[in-house]
Amino acid sequence: SASKASLSVLLAAVFLTGSNAFSLAPMVNSKSLPSLKPAARQSGHCALKMVATPERATKIGFTTLTKNIKTPDPIPDEGIELANELMRSGRLYRYNADSEDTCMVSRCETALAEYTGHKYCVALNSCGSAIFMALHCVGAGHGDKVLSNAFTFTAVPSAIVHAGCEPVYVECTDNFLMCPEHLAEMADKSGAKYCVISHMRGKVANMDKILDICNEKGITLIEDCAHSLGVTWNGGHSGHHGEMACISSQSYKMLNSGEGGFLLTNDDELAAKMILFAGAYEKLYQKHKLRPADEYFERLKHETPNYSMRMHAVTAAMILPQIATLDERIEVYNRRYAKVEEAMNSIPHLTVPKQLEQVGGVYDSVQFTLDGLTESQLDTFLQACRDRGVPVEIFGAKTNARYFRNWRYTEDSMAQFNDLPRTEKIIQWTGDVRLPLPFEDEDFDTMTTILKEAMEETLA
C-alpha cells in the first residue's frame, strides 16, 4: 500500500548516514508516491535524494551545496550610500566635480595608488581597456608583436588585438606561470619588443627572471594584475616590475563594481598619456589629483587621441570603501584557502600546486591539477561535482574562454596553437573553483567533502 511504501522511505531516511547510501526492501513503486520530490539540499549535510523512475524510487545519499558558487562580494553599505548621493546630485561624470578633491573617481584613484604603492593611477571602464591603453602608452602600434601568456583569459589577447598588435604566446609551467625559458625563446624567434604578462588567478611568475629577460632583449613589460590585487612579490605589491600595471574591478575580482579597471604607473610621461587617452581634454587633466606637471599634458594633448574610457563616478563610489577593507578580506580568504588546500591535497589524483616562495598570495579561488584519470573518468568527476552543487571549470574545456584554441582572432596567432603542447596538456587537466567571501567557513568543508565524494564515485 502507499502508506507502507511511505514508511519504508521514512525508515531509509532515518538509517541513512554519512555519504553512503543503501537500498531498503521493499523497493518503492513510484506510482504509489506521485507527489514525491527530491529532499531539500542543505549545505554541509548528507541529503536524501529521491530519484523517481517508472519502476521505482532509488534512494541516493550524498553531500550537496545549495549556495551559488558564483556569488560575488557585496557592495558595502557605504558604497551604496555614496552612489545614491551621486545619483541624487546628478554629478555622474568625473569632470563634473568641483575639484580634484571632491571628484569621487579621483578619490578612488588616490586610495588605490596608496594601496599598491604606485605614483599614478587612472580609473577606466575595464581592465581590458587598461591593457589596450598601456600598449599605446608605451608605443606599441599596428602590427607590433606582443608576448603574452598562453594560459590566461580571452580579454588579454583581445586587448592586444584591439591595440592593433599581434599576440605571441608563451607556454606556462606546471604551476600555471609564464615560463621564463620559453619567453626568451619566443622573444628571439618573434622579435617582439613588448610583453603583457598576466598574473592569471593571482599566480605570479618569477618576475625577477622575467624582467631580466625583457631588459636583456629590449622588451617593454606591462603587467596584467587583474587577479593580483593584494598579491606581493618579496613583500612589495605586484605590478612594479612592468612599466605599467592593469587592475580589474569586474565582479569576480577583489574589487567589485560589475565592470571597471585601473591603469597604474610610476612614470611621469606615461601618466600624462594614460590620463589623456582615458578622456581628459582641454585642461580637464587638472581635475586629476595624481598627475605629473602641466607641461607634460600641454606637450602631448594634441597628438594623443581621446578614447573616452573613463570610469563612471558611481562605479568609483562602489569601489572606494572596498579598498579600505582589502587586507581584512584577504586575511579571511587566505585562512580559508589554507584549510581547503590541505583537504584537497588529501584527495587521490588531485593536487593543488604551490606558488613561488617569493609570492604572498591572495586566494579567492583554488586551482588544482587532476592526474592519472582517463577522459571518461574526468567527465564522471565533473558531473558528480555538478550534481552535488560544486561546478568545476576545466580551463582547457572546448567552451572555456581561457583555452587558447578559442582565441581565433588573427591568422598569425592561430598558427601558434599547435606549438603550445605543454600549456594545452596542463589546462586540459586543471580545475578551477571559486571560494566566495559571503560563504560560511563550514561551506568550504562541504565543498571539499563534495570533491572527495565525487572522486570516490569516479574511482568506484
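User: How far apart are N and O where the side chains of aspartate 101 and lysine 289 meet in a salt bridge?
Analyst: This is a predicted model, in which local features need pLDDT of at least 70, side-chain atom pairs count only at pLDDT 80 or more, and totals for chains, interfaces and linings use all residues. Residues are numbered from 1 along each chain as its sequence is written, and side-chain values use heavy atoms, with hydrogens and water left out. A salt bridge needs a side-chain nitrogen of Lys or Arg within 4 Å of a carboxyl oxygen of Asp or Glu. For aspartate 101 and lysine 289, the N to O distance is 2.9 Å.

User: Is lysine 217 buried or exposed?
Analyst: Lysine 217 forms a salt bridge with aspartate 188. Buried means under 20% relative accessible area, exposed over 50%, and partly exposed in between (1.4 Å probe, protein chains only). Aspartate 188, at 55%, counts as exposed. Lysine 217 has 18% relative accessibility, so the class is buried.

User: Which residues join arginine 336 and aspartate 441 in one network?
Analyst: The closest N and O atoms of aspartate 441 and arginine 336 are 2.8 Å apart, in a salt bridge. Arginine 336 is buried, at 12% relative accessible area, whereas aspartate 441 is partly exposed at 33%. Salt bridges with shared partners bring into the network Glu331 and Arg335.

User: How many salt bridges does a search of the whole structure find?
Analyst: One of them joins lysine 217 and aspartate 188, with closest N and O atoms 2.8 Å apart. Over the whole structure, the search gives 25.
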